[in-house]
Amino acid sequence: MRESLRKQLIWQGAALVSYFAGMILFLVVVMRIVGAPGQSLATLRTGDLLALVVSVFLLGLGGLLSRKRGGPVGGGMGPIQMDPTRGPEQSKLEALGYQIPPEHPAESEPARDQTIGHDEVRCPECGVGNDRSFTYCKQCSSELPE
């Protein structure tokens with residue numbers, strides 16, 4: 001693992017610990033204030049007020065650590081850079097032998113007879129015979145004529 005990535009992960013971990021500690025402390029104090037009968041903000045103790053201030057500080061520290069030391073906000077590795085000289089990678093279907101039909105059929109191709117037999121339809125893309133009950137070609141997955 002690269003040293004810079006290791007540092008980012010350590011700082012992100014410290015930021016998460018700070019977030020969690022701040023949230024837990026905040027929730028404990030709020031639940032003590034809300035859950036106790038007769039308790040209100042007017043009867044807030046100094047310890048509870050100090051705990052609220054510390055929890056807000058921990059939440060802010062978590063955000064600061066995450067942004068300043070842990071890399072970009074959201075934890076991403078930056079925008080995805082595509083190599084314009086490379087084409088798209090082979091899909092799983094193509095690796096299994098399926099032929100992906102072109103988005104727009106070539107207009108220079110001669111028109112093929114759509115029907116083969118009494119209960120078969122020829123695919124307009126690849127020419128394979130398909131059962132009339134099929135909606136899509138069994139070879140190339142293009143839509144069949146009705």
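In this predicted model, Ser 142 is found in the segment that follows strand S2 (129-131). Is this serine buried or exposed? Its relative accessible area is 8%, and because buried means under 20%, Ser 142 counts as buried. Which residues does Ser 142 touch once its neighbours within four places in sequence are set aside? Its contacts are then with Pro 101, Cys 123 and Glu 125, and also with Thr 135, Tyr 136 and Cys 137.

Three helices and two strands are present in the protein chain, and from the N terminus on they are arranged in the order α-α-α-β-β. The chain has 146 residues, of which 18% are buried. When contacts between residues at least 6 apart in sequence are considered, 36% of them join residues at least 24 apart.

The helices H1 and H2 deserve a look of their own. Two packed helices are described by the angle between their axes and by the distance between those axes. For helix H1 (residues 3-35) and helix H2 (residues 46-68), the packing angle is about 155° and the axes lie 8 Å apart. Angles over 145 degrees count as roughly antiparallel, and H1 and H2 are therefore roughly antiparallel to each other. The crossing in which H1 passes H2 is left-handed. Sorted by class, the contact of H1 with H2 comprises 17 nonpolar residues, seven polar residues and two charged residues.

How does the span of each helix compare with expectation? For H1, 33 residues at 1.5 Å a residue should span 48 Å, and the end C-alpha atoms are 47 Å apart, so the two values agree.

Burial within the pair can be followed residue by residue. In H1, the buried residues are Gln 12, Ala 15, Ser 18, Gly 22, Val 29 and Ile 33, and H2 is included in what covers them. In H2, the buried residues are Asp 48, Ala 51, Leu 52, Ser 55 and Leu 58, together with Gly 62, Gly 63, Leu 65 and Ser 66. The cover over these buried residues of H2 includes H1.

Note on methods:
Residues numbered from 1 in each chain as written. Predicted model: local features only at pLDDT ≥ 70, side-chain atom pairs only at ≥ 80, totals over all residues. Heavy atoms only, no water. Axes fitted to C-alpha atoms, helices over the stretch in contact; angles between N-to-C directions. Helix = DSSP H or I, 4+ residues; strand = E, 2+ residues; numbered from the N terminus. Parallel < 35°, antiparallel > 145°, perpendicular 65-115°, else oblique. Left-handed = near helix turned anticlockwise from the far one by under 90°. Nonpolar A, V, L, I, M, F, W, Y, C, P; charged D, E, K, R; others polar. Buried < 20%, exposed > 50% of the residue type's maximum accessible area, 1.4 Å probe, protein only. Contact = heavy atoms within 4.5 Å. Expected span 1.5 Å × (residues − 1).
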